[in-house]
Amino acid sequence: MNTESRRRFAPHGLTSAGVTFAGSTSQSNRLARQAKLGQPASPDESLAELLAGNKRYVTGQNIHHDFGPERPSLAQSQHPFAIILGCADSRVAPEMAFDQTRGRLFVIRLAGNFVDDDGLASIEYGATVLGAFLIMVLGHNECGAVKAAVDVVTKNAQLPGHLPELIAHLKAPVEKAQRETGSLVDNAIRQNVLLNVETLRNSEPVLADLIKQNRLRVVGSRYDLATGRVQVLS
Ligand SMILES: [Zn+2]
């Protein structure tokens with residue numbers, strides 16, 4: 001990310017609907033707003049709501065079916081409580097998997113659910129300007145991107161177009177998984193989640209600073225395609 005991009009996404013002085021996120025006063029405004037919206041108001045509450053929503057989804061007890069009523073208010077502003085870094089896989093749909101309406105999740109998706117500079121900038125925007133409390137890296141079983149990375153690392157598979165650039169981001173978790181026993185693909189999927197969680201937790205200056213202040217938490221998880229269940233990994 002270049003200097004200009006970093007300046008644009010720096011936390012100081014950024015506002016959303018008149019709320020600044022740089023001081024204690026703005027933090028209290030942020031909490032009051034979430035309470036008014038009936039949304040989670042801390043990292044732990046946000047994780048609990050995601051897991052509760054996933055349980056509703058898995059058991060067929062979704063409470064969000066009618067998506068019309070919130071549309072007018074969402075046209076004015078958005079206050080998502082969680083950021084999801086997920087795979088582009090068409091079978092993994094975060095709003096459905098966590099039984100959430102629009103406006104509650106800030107979702108970044110690309111094949112292989114990894115952090116690059118542009119994704120990081122989007123995540124920083126969600127955590128600072130929009131004030132989300134939680135980042136969840138959401139991997140899933142049978143991930144085609146990770147499988148392709150395994151083929152590249154173990155069989156020197158040749159991929160067309162821009163795919164090699166994407167797969168380059170997934171080689172490190174595959175190589176780490178090669179030192180483990182069990183399924184290489186499953187282990188690489190888990191290692192990919194864990195590595196990206198660490199990248200986000202250590203990301204200076206924006207995310208690491210928010211984590212130090214207990215205003216942000218980063219967790220890793222895995223979505224099971226057959227059951228829809230999300231398991232927290234870290
Ligand atoms: Zn995938």
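Cys 143 is found in the loop between E5 and H7; helices (H or I, at least four residues) and strands (E, at least two) are DSSP runs, numbered from the N terminus. This is a predicted model, in which local features need pLDDT of at least 70 and side-chain atom pairs count only at pLDDT 80 or more, while totals for chains, interfaces and linings use all residues. Residues are numbered from 1 along each chain as its sequence is written, and side-chain values use heavy atoms, with hydrogens and water left out. In this model the protein has 11 helices and 7 strands.

**The zinc site**

- Three residues coordinate the zinc ion, at 2.1 to 2.3 Å: Cys 87 through SG, His 140 through NE2 and Cys 143 through SG.
- Donors here are N, O and S atoms within 2.8 Å of the metal (3.2 Å for Na, K and Ca), and water is not among the atoms, so sites may look incomplete.
- Along the sequence, the donor residues follow the spacing C-x52-H-x2-C.
- Cys 87 sits in the loop between strand E3 (82-86) and helix H5 (94-97), and His 140 belongs to strand E5 (residues 134-140), so this pair ties together parts that are 53 residues apart in sequence.
- Both Cys 87 and His 140 are buried, where buried means under 20% relative accessible area, exposed over 50% and partly exposed in between (1.4 Å probe, protein chains only).
- Cys 143 is buried too, because its relative accessible area is 1%.
- From C-alpha to C-alpha, Cys 143 and Ala 188 are 9.8 Å apart in space and 45 residues apart in sequence.

**Nonpolar cores**

- A nonpolar core is a set of buried Ala, Val, Leu, Ile, Met, Phe, Trp, Tyr and Cys residues joined through side-chain atoms within 4.5 Å.
- The largest one has 21 residues, of which Ile 83, Ile 123, Ile 135, Leu 200 and Leu 207 touch the most other members.
- At least two residues of this core come from each of E3, strand E4 (105-109), helix H6 (117-128), E5, helix H10 (184-201) and helix H11 (206-212).
- Leu 207, leaving aside neighbours within four places in sequence, contacts Leu 120, Ile 123, Glu 124, Ala 127, Ile 135, Leu 200 and Leu 216.
- Another core, of 16 residues, lies apart from it and has Phe 81, Ala 97, Phe 133 and Leu 134 among its members.
- Across the protein, buried residues make up 45% of the 234 residues.
- Of the contacts between residues at least 6 apart in sequence, 69% join residues at least 24 apart.

**Gln 34 in helix H2**

- Gln 34 lies in helix H2 (residues 24-37) and counts as buried because its relative accessible area is 0%.
- Beyond residues up to four places away in sequence, Gln 34 touches Gln 39, Pro 40, Ala 41, His 79, Phe 81 and Phe 133.

**The largest pocket**

- The largest pocket has a volume of about 220 Å³.
- On a 1 Å grid over the protein atoms alone, a pocket is an open set of points where a 1.4 Å probe fits, with protein on both sides within 12 Å along at least five of seven lines; lining residues have an atom within 4 Å of a point.
- Grid points are joined across faces, edges and corners, and the volume is the space filled by probe spheres set on the points.
- Its lining includes Leu 37, Gln 39, Glu 70, His 79, Arg 102 and Arg 104.
- By class, the lining has 2 nonpolar, 7 polar and 3 charged residues; Ala, Val, Leu, Ile, Met, Phe, Trp, Tyr, Cys and Pro count as nonpolar, Asp, Glu, Lys and Arg as charged, and the others, Gly among them, as polar.

**Backbone details in loops**

- The peptide bond from Glu 204 to Pro 205 is cis, with omega near -5°, and Pro 205 is in the loop between H10 and H11.
- Asn 113, in the loop between E4 and H6, has a positive phi near 35° and is buried at 2% relative accessible area.
- Glu 142, in the loop between E5 and H7, has a positive phi near 55° and is partly exposed at 39%.

Terms used. Contact means heavy atoms within 4.5 Å.
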